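Please walk me through this structure, starting from the place where its chains meet. Keep it short and plain.

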2 protein chains.
Amino acid sequence: MADGIRTITIVLFDGFELLDVFGPAELFGSERERLRVQYIAETHEPVHAIQGVAIVPDFSYADAPTPDIVLVPGGMGTRKLVADAAFLAWLKAWGADAALVTSVCTGSGVLAAAGLLEGYRATSNKRSFAWASSNGIGVEWVPAARWVEDRDRWTSSGVAAGMDMAAALLDHLFGPGTGQAAADSAELELHTDPAWDPFAAQNGLA
Amino acid sequence: MADGIRTITIVLFDGFELLDVFGPAELFGSERERLRVQYIAETHEPVHAIQGVAIVPDFSYADAPTPDIVLVPGGMGTRKLVADAAFLAWLKAWGADAALVTSVCTGSGVLAAAGLLEGYRATSNKRSFAWASSNGIGVEWVPAARWVEDRDRWTSSGVAAGMDMAAALLDHLFGPGTGQAAADSAELELHTDPAWDPFAAQNGLA
């Protein structure tokens, strides 16, 4: 932050969910003069979303920048990540230094498996809630929430919920109204109440 | 379509808007056993969104596949495209063979400039409506609409509106309820009425 710019580093892996990443990145992009979005993956080779498209990361784990804000998306690729001890050890050590660690969808299962949610409240995708909440220890899982803010850990519900959390995060970083301005620019109708969650009931969680 | 699978080819260019592409691609992805999403750009080199991330295209203009459904996104990169006579001639010739030509946001300005909207009704991003509608001739521009379906041309309003149009397109391709199922899976609250458009009034267009 030597230049006064905040950074969000998004952790990519094969099988990540497209909108978990690019929904928040769209909104963050409206503040790109004071918020840099960058992408990290295991190597510099392109990483494939579960929907098939290939993204070129900016950093590899080996040349990971000092983290400011971290975002871990979900997607079916998370199932492999939570069994990858070397990845989890790297994520725990690297993420521990971040000002804020966030996740979208089943990304919270990865954070939990890495031990980064111990002692925190957190939520996750409502269809994969049983799986996500089976990871880690000492996490107070919240079944009905669009997103949960607990000190330096913010976790959202599934996929599109990441955009609502991203707008709230913009307010947190840059002041009230910043998230709404980003949403208006994207013609997006926001949900600004973190307790709004019809998908919990739809999936038998409330 | 020899294998019975429909394809959507998304036209990428430097300066495209992230969510114009990956919002629809997220929803299309829930039907990936019968709907293939692929990406085309001028060359096989990575293409950069206006928000900075690099995407690797599947095809170049030179090896463009036979189009089934085409989607042209918006973004500041469109300003350069509408002045690129070689690109417009390629898009017009290639898109003319498509079963359906669609756009998100200012992508409709590109379609209009290429002559692909002549004799059609269309909409566009509400903040950039004056610019988008200054392109092409013979287009009946609709200022207040989330999206407009006119025979084989579907155009959406800005950015997030592309997801609502994508859900409607899934219904059109695969039957009622398909779009809602994709949205439920993504925990996305859909707007299913193409006339819903608070952003028209917000931007002085209604």
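**Where the chains meet**

The contact draws 29 residues from chain B and 29 residues from chain A. Two residues are in contact if their C-beta atoms, placed from the backbone, lie within 7 Å. On chain B, the side that touches chain A has at least two residues from each of helix H1 (18-28), strand E2 (35-41), strand E4 (54-56) and helix H8 (198-202). Helices (H or I, at least four residues) and strands (E, at least two) are DSSP runs, numbered from the N terminus. H1(B) gives the most to this side, with 6 residues. By class, this side of chain B has 17 nonpolar, 7 polar and 5 charged residues. Here Ala, Val, Leu, Ile, Met, Phe, Trp, Tyr, Cys and Pro count as nonpolar, Asp, Glu, Lys and Arg as charged, and the others, Gly among them, as polar.

This is a predicted model: local features need pLDDT of at least 70, side-chain atom pairs count only at pLDDT 80 or more, and totals for chains, interfaces and linings use all residues. Residues are numbered from 1 along each chain as its sequence is written, while chains are lettered from A and ligands numbered from 1 in the order in which they are written.

How are the copies related? A rotation of 180° with 0.0 Å of shift along its axis superposes chain B on chain A, with an RMSD of 0.0 Å. The two copies are thus related as by a two-fold rotation axis. The superposition is by least squares on the C-alpha atoms of residues with pLDDT of at least 70 in both copies. In chain B, Ile55(B) comes closest to the axis, at 2.4 Å (C-alpha). Of the interface residues of chain B, 100% are also interface residues in chain A, so the copies meet through the same surface.

Strands also pair across the contact. E4 (residues 54-56) of chain A and E4(B) run antiparallel, joined by 3 bridges. Two strands pair if DSSP finds at least two bridges between them. Val56(A) has Ala54(B) as its bridge partner.

Now look inside chain A. Strand E11 (residues 153-156) is covered on both faces: Arg153(A) and Thr155(A) are buried on one side, Trp154(A) and Ser156(A) on the other. Buried means that 20 or more other C-beta atoms, placed from the backbone, lie within 10 Å of the residue's own. Strand E7 (residues 100-103) of chain A runs parallel to E11(A), with 3 bridges. Strand E10 (residues 147-150) of chain A runs antiparallel to E11(A), with 4 bridges. Arg153(A) stands opposite Val101(A) and opposite Asp150(A).

Definitions and conventions:
A residue is buried if 20 or more other C-beta atoms lie within 10 Å of its own, exposed if 12 or fewer, and partly exposed in between; C-beta atoms are placed from the backbone.
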